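Dear colleague,

I am passing on the structure below, and I would be glad if you read the notes after it with the model open beside you.

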Amino acid sequence: MRQHMQSEVVAESNRPTLIIGEDLSAGYGGTPVWSGANFSFGKGEFVAILGPNGAGKTTLFRLILGLQKPLRGTLETFGAPPRRGNPHIGYVPQRHTIDTDTNIECLELVRLGLSGTRWGFNPLLHGDREAAFKSLEAAGAADLAYRRLGALSGGELQRIFLAEALVSNPDLLLLDEPLSNLDIRRETELLHLVNNAVRTRGVTALLIAHNINPLLPHLNKVVYVANSRIATGTPREVLTSETLTRLYGVPVEVLKDPHGNVAIIGVEEHHGDIV
Amino acid sequence: MSFSPNLIADLQQIWYYQFMRNAIEAGTLTALVAGVTGYFVVLRRSAFTAHAFSEIGFAGAAWAVLSGYSPLAGLLLGSNLGGLGIALLGRRATNRDTQIGIVLAFSLGLGLLFLSLYVGYATQTYSILFGEILGVSYDQVLETVAATAAILVGIGIIYRPLLFASLDEDVAEAKGMPMMALGISFMAIVAVAVSFAVQVTGVLLVFSLMVTPGATAQYLSPRPSRAIAASVLIALAATWLGLFLAFYTPYPVSFFITGEVFALYLLVRFVYAPLRLEKAHAGGILAQPVDRSG
């Protein structure tokens, strides 16, 4: 029983490990948001991170990005403590928007994802332009290259952000709620693109979401952040009435329909839709 | 000094005067700097900040005049201190206009106090407020050359990180860019650029060179390098034409510059940009309708 809660995942342990957290606590100003977390994510894994608003999902990203230090415990990414500006990480922040007045072509933003951290003025560099085009293709957004950023829809913008994150050929993708504000069709499209990057490039993707069902076909692991704790494991291990009841500390029931969709009943947030 | 249809002769006549040569040289350099810097000012939505600089600079200049220093020294001191303060206030551009407005109002009041204490000739004040490019000395031209070189080199160094940080602050920060240092550097660049632009347009009209060309250029090209070039060309053309017109009329240069850039902005914003968008739709570049909900 305990291994569900404390997430000692043995499955697919032949993958090289990219991120390990041991007895990890995180928070702001000394007050933990969550504590006692143990997890490990391997190369090429697609991981969903779920939980109520304010539970500390983005905090986990901030730790991995090196924007914030753990309160306690150890965290290693790529075999070392996280540091800000790790070029192996591609990141799409939450509520990421671009001002509608922005009259700059999408290609430029993707290009900056690659060379925006380099000093100096070098507009004649064609190498990064080509890389940007390839990345736009990988994100299914090649047709948007010359469109103005400010004129894009939410779904188009998410594809540009994905291209911006992929352009530096990262080993790890951190996507913070990329599916919010997308309709079901665009949600499926974007997930397909992310899954494609995971499978073809061997990228590890951590994706924060609110609804698990569209993700289920692609996932290797699920992370549940709630009630100041973190539960990790394969979807089969975590998405059970027992595990979630223990995590939330209130009775939670997980129902499954014949198509494999789950409904999580007993928690107020829409982590799973009632089927 | 009368206008003739022979433009070559007109230009020769203008070039004959030392004060016009100084004005053209200083104006050209200022337009170059303002065009480049202004693009980033618009991109970073820092127009209000740029305006605040000039007014904090005004307090500095008024103090300098009162204390017997050069107004430019006061301008530079005031706008740089203001820039440092604003950069330290926080990296987010939002929610800053209140603080900027408060400091701005106080600075103008301070400037007014210094002016009332000053018993000398008030022309200097007037020229700080509204610009007096025709009174630029040769030494000032040399100062402008140095400042222009420094600003262009500075922007050249931080060009890509600045563009990145302006477009996508969160990702740039996660990628390890020193956001605070970038913010302070850019503010310092704007402060110096504003101080020199004030010589041409004056404190109150500094928008005409620092903001309008950059804002217009954004509609002319979606590629930053081209838009910056357009911004510079607009600022240059406006300054040259303004000097030319002012030479033959009794009206101030600043008025012509503000009027020209405003007219061009209206033309580009409301005639050129909609036309181009229509053409793009017709040409199939925007094959799908823009759907903001999806």
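A:Asp23 has a relative accessible area of 36% and therefore counts as partly exposed, a class that lies between buried (under 20%) and exposed (over 50%), with a 1.4 Å probe and protein chains only. Its partner A:Arg72, at 46%, is partly exposed as well; the two form a salt bridge whose closest N and O atoms are 3.2 Å apart, a salt bridge being a side-chain nitrogen of Lys or Arg within 4 Å of a carboxyl oxygen of Asp or Glu. This pair links distant parts of the chain, since A:Arg72 belongs to strand 4 (residues 72–77) of chain A and A:Asp23 to strand 1 (residues 17–28) of chain A, 49 residues apart. Helices (H or I, at least four residues) and strands (E, at least two) are DSSP runs, numbered from the N terminus.

Before going further, please note that this is a predicted model, in which local features need pLDDT of at least 70 and side-chain atom pairs count only at pLDDT 80 or more, whereas totals for chains, interfaces and linings use all residues. Residues are numbered from 1 along each chain as its sequence is written, chains are lettered from A and ligands numbered from 1 in the order in which they are written, and side-chain values use heavy atoms, with hydrogens and water left out.

Over all chains the count comes to 8 salt bridges. Among them is the pair A:Asp128 and A:Arg111, at 3.9 Å from N to O, which joins helix 4 (residues 127–138) of chain A to helix 3 (residues 106–115) of chain A across 17 residues of sequence. Both A:Asp128 and A:Arg111 are buried, and together with A:Glu108 they are linked in a network of salt bridges. Another pair, A:Arg147 and A:Glu156, meets at 3.8 Å from N to O; A:Arg147 is buried, with a relative accessible area of 6%, and A:Glu156 is also buried, at 8%.

Helix 3 of chain A deserves a look of its own, because 9 of its 10 residues are buried, so that the helix is largely enclosed by the rest of the structure. What covers its buried residues includes helix 4 and helix 5 (154–166) of chain A, together with helix 7 (138–167) and helix 12 (224–248) of chain B.

Which residues touch the most other members of the largest nonpolar core? They are A:Ile160, A:Tyr224 and B:Met210, in a core of 141 residues, where a nonpolar core is a set of buried Ala, Val, Leu, Ile, Met, Phe, Trp, Tyr and Cys residues joined through side-chain atoms within 4.5 Å. Helix 9 (residues 179–201) of chain B gives the most to this core, with 14 residues. A second, separate core has 28 residues, including A:Leu18, A:Phe41, A:Leu75 and A:Val223.

Between the chains, 48 residues of chain A are in contact with 37 residues of chain B, contact meaning heavy atoms within 4.5 Å. The two chains bury about 3700 Å² between them, 55% of it on carbon and sulfur atoms; buried area is the accessible area (1.4 Å probe) that two parts lose on being put together, summed over both. The count between chain A and chain B is 1 salt bridge, and B:Arg223 forms a salt bridge with A:Glu105, with 2.8 Å between the closest N and O atoms.

Most residues other than glycine have a negative phi. A:Phe78, however, has a positive phi near 55°; A:Phe78 lies in the loop between strand 4 and strand 5 (89–92) of chain A and is partly exposed, at 27%. A:Asn169 likewise has a positive phi, near 50°, and sits in the loop between helix 5 and strand 6 (172–176) of chain A, where A:Asn169 is exposed, with a relative accessible area of 55%.

Lastly, A:Ile208, in strand 7 (residues 204–208) of chain A, is buried, with a relative accessible area of 0%. Leaving aside neighbours within four places in sequence, A:Ile208 is in contact with residues including A:Ile49, A:Phe61 and A:Leu175.

With best wishes
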